[in-house]
Amino acid sequence: MKEKIERWFGARGWSPFPFQREVWQSYSEGASGMLYSSTGSGKTYAAFLAPFFEDGISCSDKTGGLRILWITPLRALANDLAAAIALPLEEMDVGWSVEVRSGDTSSYRKKKQLSRLPEVLITTPESMTLLLSYEDTLKNLQTLDLVVVDEWHELVGTKRGVQTELLLARLRAIRPQVRVWGLSATLGNVRQALSVLLGVRASNSAIEPALVTADTHYDLHIESLIPDQVELFPWAGHLNTLMVPAVVEAIESNQSTLLFTNTRSQAERWYQEILNHKDDLVGCLALHHGSLDPEIRHWVEKSINGGTLKCVVCTSSLDLGVDFTPVDHVIQLGSPKGVARLLQRSGRSGHRPGQDSRVTFVPTNCLELIELSACRLAIEEKKLEARTPLEKPLDVLIQHLVTMAAGGGFLEKELLAEVRTTHAYRDLSDEEWKWTLDFVRFGGSCLGAYPEYRRVELDRDKEPNKFVVSKPAIARRHRMSIGTITSDSSMQVRFLQGKTLGVVEESFISKLKRGDNFIFGGRVLELVRVREMTAYVRASRGRRASLVRYMGGKMPLSSELSRTVRLRIAQAGKGVYADREMEAVRPVLELQKLWSKLPAEDEILIEQVETREGSHLFFFPFEGRNVHEGLSALIAYRICQQEETTITISVNDYGFELLSPTRIELDLDRLRVLFCGDDLDEEILRSINATEMARRHFREIARVAGLVFQGYPGAGKSTRQIQASSELFFDVFKEYDPQNLLLLQARRELLAGQLESTRLIKALERIRSSSFVLIQLDKPSPLSFPILVDRLREKLSSERFETRLARMQLAMAKHAGSLYAGSRRANCKIKT
Amino acid sequence: MQDQDIEFAGENLLLMAERVIYWPERSALLAADVHVGKDTTFRLSGIPVPESVVDADLERLSRAITRTDARVLILLGDFQHARLGMTGHTVKKIQRWRGQYPGLRVKLLEGNHEKSSGEVPECWNFERFGESIQEGPIALRHHPPAKNRRMKPTICGHLHPAVRLFGKGGQSERLPCFYLERNLLVLPAFGRFTGSSTIDASKAVAVYAVTEEAVIKFKDQATGAGS
């Protein structure tokens, strides 16, 4: 076989890269491991061909049974991957079959796979978990040699990653000799990513896991499109269409461009703007984002590879996946917010060895120029972000227990031992395990509070120690909701004639009336009617249309970038403008310096302004929006402890705003007390409880734990009676079952994940050793202006609820449902 | 408790923080959209909803009865949630609660949920009525009537109305409410585990937001309706 592979490489005029040989060698010595690189190709064959280098592998005959399992987070790319994998097998006359199993696979094919798996199966974490929820699967896994987890960096630090850890633990239990290999981009914590992949037991095994890098040297060129007059450049915002002509010019002077945006709305808008500016691009400009129909996305991906597209406007949906050889140019619209992300995206161009990567950065507001400059600095210092793995999310474990109960049942001791071999649950306590098991058996920890509850039960008839799901309806519904990615209740968008365009969030559609226009998939559409989770539309000629909005958080500035941003600002304060970008933003920064101050690295700037809205306090720690969310809640909480007031909070990556109806008097002494003080952990927790953060965060947990059952096209009315919102669950648990560990998990995840408490505590330490600079202004400064307009609201109050209400006014409910039966809106339903 | 007195169709009514209306003239309590058994329906489907939600609902109803000493309770439809939830356990629980008030008449109007949730158990001792009944000058019904200029004074449920309020400094709250037009009064959903729907208050004479302990009056400032 070895010779055959060498010959196959030779015939294509290739020779294996050193890192490929390294993987093949380690694998044949019995090792599991991880292969990582920031760019470049060849990872697929490094992993896939490894088993063929083992002595005595039989692959000419159809062995029957699964040999290689390939798990990828990207369902859209599974087919391309299958083709790439099938190629050497075919040309070397290996009679193995390669199949895909994902949400897009036909139900006929899926059914066949239940009784017999192909030799090579390409699937997603969700589809593989789903497969494990069928008892028949177990016996089909006895021949497995290799599991490859593709794009592992995408999964580490997410609940999908934990789901993958759990399913790998399952596979190791069924087939102890299986070898697991991860493919990953370069991270700040590759070693940790490897140990998460392999779990506790494998890390202790006799054979040392292999960590192989495929990083090769290449040059990265980043340049910015800077407007001639920076005064015309907005201080805030994310759309800035002023730059359209320059972007079109850049597209035209290259062969093929990927234009990365940070959000789907931004992609839709820019697609329109580019076409409006230059209509000869029709036909060679395409749009690609995660909400578009898979068929449309697939067509776009094919066309890029075929070289027929001049430019694709895309989101992180094209961050990953197979290489697009014709692409020679990448545009990053808006700040990349992280060093690794910029590197990853830049790696999408110039794939051929020896070719350089070229990135054009297009700022959408002038302060983003600072972020790019900071990004360049971090790249020079080789400071990449780490992906921190999640610690024992109980919602994912709840889902896993039901999956295991449905897939042939489980014995408590066995499954607990297996779960504890994963990195995520290595420290799962007996109490936490018991609570989780009780949750799926009884609904909660206190017996009697949840009478007649049914999900997982002991199998009384056959094996009285085995936990199973005995009701087929519950198993069916569980399978339909397997998956850990948060998505808000989504609706299909479909033409009246039947073609599906993609999905949008229900909350967006519910704000539209019949006949309203909206932009989606690069077209202006008119809403005709809404029926059972589908929005029917027709093409519209209208020009006035609303832009589809998506929920979902904004990417925070990474801590690596935050640090270099602070540095750049401090340099500017001393009159040092390090590069072209900093030079371009100079007029704005000098204005900031004139009106207020550019803080030095050991200074924290605070500005106070009065407007008609109330009294504003702006704090600038430059720590990224996540840290600011936690920090602002803490400071607001402490102020509310000292005086009776109501504070509204807004944050961005540079700082946060506390807005109150009356002025909060501050001096340096009081500031020191507010930021220092003891009992930090306790007070952060209390401040979270005082806001709506945990309640909002509960949405994802409720979905994963199977509390919120999402409707899906065709589900009809049968599920309507068991639909309630995660907010309602949160309120009900908080009031009637406060010991519920899911509530605790929501707070813990908020602290560790969203608020990045480790970063928060470090930030507080830094702030304590800094000096405060408090400045009174009569209008918002260039730094505070973006916070003022870019609002993310959180509220804290120490006033009596009813007193506060009495001062409030009725909102003009523009989008609210109409009262009368006769005048129905396109969507008027009770939000439960 | 901070309730609100209003005059509607010439009658004095009390909007109570328990999410009910008390009509002293007829010694009647009005409640809509209780959705009994919704929690059970969820639990039977493998979704854990604590039972104490319902206990708290029943306690609140009891509190309203005790506070007013009402002789009649009129339920404006959607008392039951779904057939699946009407288990022996749920039926008994309601029966036990009902047993505490032998002197109380309970009238149940038909809501959309009653159509599919099966028979009302005998042991509850409820008097069944159709879609609507006339009580003196006021029509009581589950669904709001079709829009009609000559509409007779009507009290209804079904909509689970809520309002959004805003205040200085970007404050915003969403609360269940009583909704009042010249000839129409809508009750908030009684059940705690039912959810609500934000309504358009631009044509309202007034809306009354309900908190745990108070009913607070709001007028639509923009239209200047009402006085």
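**View 1. Lys107(B) is a buried residue, at 10% relative accessibility.** Buried means under 20% relative accessible area, exposed means over 50%, and partly exposed lies in between (1.4 Å probe, protein chains only). The model is predicted: local features need pLDDT of at least 70, side-chain atom pairs count only at pLDDT 80 or more, and totals for chains, interfaces and linings use all residues. Residues are numbered from 1 along each chain as its sequence is written, and side-chain values use heavy atoms, without hydrogens and water. Lys107(B) pairs with Glu135(B) in a salt bridge (3.0 Å, N to O). A salt bridge is a side-chain nitrogen of Lys or Arg within 4 Å of a carboxyl oxygen of Asp or Glu. The partners are 28 residues apart: Lys107(B) sits in strand 6 (residues 105-108) of chain B, and Glu135(B) in strand 8 (residues 132-135) of chain B. Helices (H or I, at least four residues) and strands (E, at least two) are DSSP runs, numbered from the N terminus. Glu135(B) is buried too, with a relative accessible area of 11%.

**View 2. Lys115(B) and Glu110(B) form a salt bridge.** Their closest N and O atoms are 3.9 Å apart. Lys115(B) is exposed, at 54% relative accessibility. Glu110(B) is partly exposed, at 21%.

View 3. Arg387(A) meets Glu154(A) at 3.9 Å, N to O. Arg387(A) is partly exposed, with a relative accessible area of 30%. Glu154(A) is also partly exposed, at 30%.

**View 4. Chain A meets chain B through 55 residues of chain A and 66 residues of chain B.** Contact means heavy atoms within 4.5 Å. The chains bury about 5,300 Å² between them, 63% of it on carbon and sulfur atoms. Buried area is the accessible area (1.4 Å probe) that two parts lose on being put together, summed over both.

**View 5. The interface of chain A and chain B holds 1 salt bridge.** Arg192(B) and Glu735(A) form a salt bridge at 3.2 Å, N to O. Several elements give two or more residues to the side of chain A that touches chain B, including helix 18 (472-480) and helix 26 (726-736) of chain A. Helix 26 of chain A supplies the largest share, 7 residues.

Key: Chains are lettered from A and ligands numbered from 1 in the order in which they are written.
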